[in-house]
Amino acid sequence: MSNQNDQTDRENGGLNGVHAEGERSHNGHAPANGVYENGKGSTPDSQPRAEATFTPAQARYAQIVGWGYHVPSKVITNADLEQIVDTQDEWIRSRTGIEERHVAASPAETSASLGVLAGRKALDMADIHPNKIDLIICATSSPEHIFPSTASIIQDGLGASNAGAFDLSAACSGFVYALSMARGHILAGDAEYVLVIGAETLSRIVDWTDRTTCVLFGDGAGAVLVAASDVPGGIMASVLGSDGSGADLLTVPAGGSAIPASLESVNTGGHFIKMDGRAVFRFATRVMAEATTQVLAKAGLTVQDVDLVIPHQANERIIQNSVLKQLQIPAEKVFINLQKYGNTSTASIPIALCEAIEAGRVKPGDKLVFVGFGAGLTWAACAVEWRTPVEKPEANWWRNTQRQATYQAAAARSMWKRAIRRVYSQVLPTREERWDKNEE
Ligand code: UT7
């Protein structure tokens, strides 16, 4: 196969039908919803563009074509925690399975900066330029701000100048919720590429004096690039659930509109994670099994068809009690890496997916289940038929250089735009001010 063909194959994620870079909406196929190929559709008073064609809707699928993760370098072991709170390595290992976790020690490490690094790796893996991304969804439980969204900051950091961006708040279920949203956008014909990121700096909202929570959580980010494809498979079905009656079981009570930040909210630790661990444990054990069963039925699969379950990495005992015992799925079909990272909330499933791929546990044709639960209470599951080659592609020098240049330029462009805005606001009079002067 020529280099050219190799390149095209990789762009397609190895899937001939995946809409490749440079082909967006010009791949000879009409989007599934039958709109005109320019992606804008046609309104009664607008003429279809000359190049637009209209063909009946055809099957469209959402394939994961890129993946990547990033964790901060600072590691805190259980032994380290013994120095901070009244806990023991033995207690943490036996009750949770966690041995260590990564934490964002540098102020420069934020949910967005981790998300940008994970996102770049996913784009590198798919060999896709950031300006091809239509939408960035960042699922996070530790957003940088109430607003703006962490996704918008990531969009700026990636130089993804054609992407919409929003945060998705469904706590630890967020990544699976976001995958479902990405699938929906793609199947509707609204997007060709959606970057889905789970990004967390939970160490910033953990009470490091509360042994019941601080031993559990870690920081990190994972990302997948979801692409439109006409090859069957990909994200086949999803199940999303919520039971808000359990909202108080796992919460950061203050800092929102219910309990705005105040001296009292800070003094009483209202901005830290509070959890009824036992209640969440019972809930999680039930919904993980139920959601997995439901999503398999929706996808037309049975438990026996499953090659790998990648569950939310909160507690090994939850995974054992639900996936292994209730569903009778053998341990070799379940991926667990929480011993290294703790519970990284929305980032746990994409990080585990990346490590499962690295470990050779995922191959084309495999049926995967992603299943998570979290605050809300929420739960979610996706069934995926994996179709993308998992070998890291040989980097295309030119495309890689273009991507790296875009990342460098993104920071400069962002600074430039901020400077221009400052100049406009300070030097140039506003339209209203000009009107006022004219009236005088
Ligand atoms: O993404 C969703 C996030 N949340 C979760 O997934 C949490 C789900 N729940 C859990 O994973 C478990 O409930 C925990 C790991 C949080 C707790 O395990 P447990 O087996 O349910 O322990 P427990 O809460 O029943 O506590 C047992 C004992 C208590 O002492 P007493 O009252 O029996 O004397 C706790 O005070 O363990 C004590 N304890 C600890 N001891 C040493 C609680 N935390 C610690 C600790 N080190 N870190």
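At what angle do α9 and helix α10 pack, and how far apart are their axes? The points below begin with the basis of the model and then take up this packing.

1. Basis. This is a predicted model, in which local features need pLDDT of at least 70 and side-chain atom pairs count only at pLDDT 80 or more, while totals for chains, interfaces and linings use all residues. Residue numbers start from 1 along each chain as its sequence is written. Helices (H or I, at least four residues) and strands (E, at least two) are DSSP runs, numbered from the N terminus.

2. Packing of α9 and α10. Two packed helices are described by the angle between their axes and the distance between the axes. For α9 and helix α10 (residues 316-326) the angle is about 35°, and the axes are 9 Å apart. Axes are lines fitted to C-alpha atoms, for helices over the stretch in contact, and angles run from 0 to 180 degrees between N-to-C directions. On the α9 side, Phe-281, Ala-284, Thr-285, Met-288, Ala-289 and Thr-292 take part; on the α10 side they meet Ile-318, Asn-321, Ser-322, Val-323 and Gln-326. Contact here is defined as C-beta atoms, placed from the backbone, within 7 Å. By class, 6 residues of this contact are nonpolar, 5 are polar and none is charged. Ala, Val, Leu, Ile, Met, Phe, Trp, Tyr, Cys and Pro count as nonpolar, Asp, Glu, Lys and Arg as charged, and the others, Gly among them, as polar.

3. Shell around the ligand. Of the 22 residues around the ligand, Thr-87, Cys-172, Gly-277, Phe-281 and Ala-314 come nearest. Two or more residues of the shell come from each of α3 (89-96), α7 (211-214) and α9 (277-298). With 5 residues, α9 gives the most. A residue is near a molecule if its C-beta atom, placed from the backbone, lies within 6 Å of it. The shell has 10 nonpolar, 9 polar and 3 charged residues.

4. Nonpolar core. The largest nonpolar core has 118 residues, and Ile-136, Ile-137, Val-196, Leu-225, Val-226 and Phe-370 have the most contacts inside it. Its largest share, 9 residues, is from helix α4 (residues 111-126). Such a core is a set of buried Ala, Val, Leu, Ile, Met, Phe, Trp, Tyr and Cys residues joined through C-beta atoms within 7 Å. A residue is buried if 20 or more other C-beta atoms lie within 10 Å of its own, exposed if 12 or fewer, and partly exposed in between, with C-beta atoms placed from the backbone. Beyond its neighbours within four places in sequence, Ile-136 is in contact with residues including Ala-151, Ile-154, Leu-195 and Ile-197.

5. Helix α12. In helix α12 (residues 348-358), 9 of the 11 residues are buried. Among them are Ser-348, Pro-350, Leu-353 and Cys-354. Gly-360, with a positive phi near 75°, follows α12.

6. Cis peptide bonds. One joins Phe-147 and Pro-148, with omega about 5°; Pro-148 is in the loop between β4 (135-139) and α5 (150-158). Another runs from Gly-376 to Leu-377, with omega near -5°. Leu-377 lies in the loop between β12 (367-374) and β13 (378-385).

7. Asp-127 has a phi of about 55° and is found in the loop between α4 and β4. Asp-127 counts as buried because 22 other C-beta atoms lie within 10 Å. Gln-328 has a phi of about 60° and is in the loop between α10 and α11 (338-341). Gln-328 counts as exposed, with 9 C-beta neighbours inside 10 Å.

Notes: Contact = placed C-beta atoms within 7 Å.
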